[in-house]
Amino acid sequence: MGGLFAQCLLDGLLLTLCGVGFFGRKRGRWDLLLSLVYAVLCYVLRMYFCNSDNPMDYILLPVNHLLVVVLLLVPTMPVNSGWFRVGERTIFWGTMAQFALYLLLRESCLMLLAVMELKEIAAVYGARVLSMLLWVALASSGLFRWLRDRLAEGDIAVEAVSCATLLILLLLWQFQMGWNGLWLGAVALLAALLVLDGGLLLWEQRRIREQQRTRLLEQYLPMVEELVESVRARQHEFNNRMMAVSAAVSTADSLEDAQRAVTALTGGIALNRVDRELLKCDSKVISGMLFGKIKQAELRHIKVEIDLSGSFLRRSLPESDWVEIIGVLLDNALEASAPDDMIYLRSEDQDGALRFTVSNPCPPKSNTELAEMFRRGWSTKAEQGRGYGLFNVRQMVERRGGRLVVRNEDMDERNYLTIGAIIL
Amino acid sequence: MRRMLLLELKKLSKPILAAMAVLTAVTCVLCCTLFRDYTLRYVLDKWEIGTEFIGLLFPLFVTIPICWQLYYERRDRFIVYTLPRVSKRRYLTVKWLACALSAFALLFVPYVLSGLSALYLAPYSELNPGISSEYSHVFQSLYTAYPLVYMFLLSLWKGLLGVLTMTFGFVLAMYSSNLFVVLTAPFVYLIIENFTLSVLRLEKYRFVTAFEPTTIINKNLTAGSFFVGPLLLCVVIGLTALYFKKLKGRTVYPL
């Protein structure tokens, strides 16, 4: 009897630890009281719903029948809900994850004990204590914090993986309990679950990319609208000037007078070169972002010359990554430039790929220095948390099979540092 | 009233039909396959073997697909917007009626269809009636001579008990603010009641006995076995409503 309650108490403690892992510590030390609730639940179910007295049958789960696992799982949800007080969705999936983790820890420890050839009472208590130690090791790695955040955000991939892991481990447990007849079906179920997991992860990735794109559109589309507004205003001015030219020509006394009037009236009505280049860009998000950066540069009295040709879209790099790369390169160039400096921004087709570069005035750098710039944490500033921009650029470009461009160039009788990428 | 009832039934139709379809499919398959490992005395034994698992899990089947709706109507304050159209009492009565019909159908249809499949579709299996004096079954003459009538009447009874179990979840959905309590309390209550009455050696008065009279030996079964468990549940439902209303001061319609 004492042994039975001690086992249930240890089971309750591990369930509490797994719960705390996914829901966080809500009541400090009092969280330990929850293990008593779980222990009583395990004790009642084991005493009155399970038909075996052999402690080895309960080495993995506190109960020895799949149907009784449901009896354990169902009351655990309201208990978790009342104790941890988080959202309904988090409680549901968190409880699944809690049981999946419980089984995973126990399975791992059992395998270890099997290797050590520990049996009977040593295995019964050894598996319970060892799984708690394993939990401590996992908790110190920060894994639970990450999982907790994902669950709180309603990350579908984490929820699906938790649920699938629980099902797979329950299936394994059923095998160990001697349910061998349906192995083929079980393997098929396992394979289906893995495929489902893979599909869900892909879908989640796609969803995140779509969210990123929406966020970028929300951020930069107002800037494109501003650009279009400025072009429209210029168009209005152009119409007025044309009317004035027409009037000047029809009222001029001589050809020379007409020429003088037309020259005076047509001066400065051409479309701004930067605006024209931006309107040529096939990505509205990128042109919006560039427009914003150019305005920033103007405020700091830095000139930006843009020459865009070639398409940004339909490349191996998604639009959101382009925005990030261009943003990092332009921000670095703006930071390194002084008032009245000129920054050149170019994009062009090169053997089927797009070559994009940003050049800014800079003292000549050696090859070693140029290579060092893409190392993690490299920065000209001493502040913490800097030096990741160019490192991220390198990661993104290399991940998509692109190449980095970095070199010293002589322009306007000054040395310019050119950084960019060639993307297929 | 009729239109409102139809509207409420329509709201519940998707989860109910889905749950009913799954339950019917599972019970039919089990009734046609599970009996192979057993010695059968009468043809309806297949039905009893195939539907055994429902006896344990039925509180979940009749609560989860139904009671969540009222809970969300309260939580999202939708219920408040029904006030200009219909009185509180009337709305809750119609709502309960729709839930009761759904809960009844959710148990009655799978039981009847699985019974029919056990009687007429299941593969032939040799019956071994043995010595009749040693055999005892609840309503034995009906069970052996008129299995269809027995199956139909017991399904009807189980459907009614399903309505009672759902009512517990319904009352909790009217007052509780915890979804998991609403959806699992009837199940947990039946487990605790089962456990307590078993410890007190009063197995014949458990709700589960009323639901599935074959869970105890026939000679221990009395007329009380069919009514004490359900009456106890009625008392618990009443006490729960009183607790929430009088002691906790909760209202069905959020302020």
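This is a predicted model: local features need pLDDT of at least 70, side-chain atom pairs count only at pLDDT 80 or more; totals for chains, interfaces and linings use all residues.
From the N terminus on, the elements of chain B run α-α-α-α-α-α-α-α-α, where helices (H or I, at least four residues) and strands (E, at least two) are DSSP runs numbered from the N terminus. Residues are numbered from 1 along each chain as its sequence is written, and chains are lettered from A and ligands numbered from 1 in the order in which they are written.

Of the 255 residues of chain B, 37% count as buried; a residue is buried if 20 or more other C-beta atoms, placed from the backbone, lie within 10 Å of its own, exposed if 12 or fewer, and partly exposed in between. Among the contacts in chain B with a separation of 6 or more, 74% are accounted for by residues 24 or more positions apart, a contact being a pair of residues whose C-beta atoms, placed from the backbone, lie within 7 Å.

The contact between the chains takes twelve residues from chain A and 13 residues from chain B. On the side of chain A that touches chain B, α2 (31–49), α3 (66–84) and α4 (88–115) each supply at least two residues. The largest share of this side, eight residues, comes from α3(A). Its residues divide into nine nonpolar, two polar and one charged (Ala, Val, Leu, Ile, Met, Phe, Trp, Tyr, Cys and Pro count as nonpolar, Asp, Glu, Lys and Arg as charged, and the others, Gly among them, as polar).

Leaving aside neighbours within four places in sequence, B:C67 is in contact with B:M166, B:G169, B:F170, B:A173, B:V182 and B:L183.

Chain A holds an open sheet of five strands in the order β1-β2-β3-β5-β4, with mixed pairing; two strands pair if DSSP finds at least two bridges between them. Because β1 (303–308) and β4 (403–411) of chain A stand at the edges with a single partner strand each, one side of each is left without a neighbour in the sheet. Neighbouring strands are turned by 15 degrees against each other on average, direction ignored. Axes are lines fitted to C-alpha atoms, for helices over the stretch in contact, and angles run from 0 to 180 degrees between N-to-C directions.

Strand β3 (residues 353–361) of chain A runs antiparallel to β5 (residues 414–423) of chain A, with eight bridges joining them. A:F356 stands opposite A:A421 in β5(A), and A:N360 has A:L417 as its bridge partner there. Nine bridges join β4(A) to β5(A), also antiparallel, and A:V406 is partnered by A:I419 in β5(A). The hairpin of β4(A) and β5(A) has two residues between the strands, and A:D412 takes a positive phi near 50 degrees. Helix α12 (residues 319–336) of chain A lies across β2 (342–350), β3 and β5 of chain A, at about 15 degrees to β3(A).

Key:
Two residues are in contact if their C-beta atoms, placed from the backbone, lie within 7 Å.
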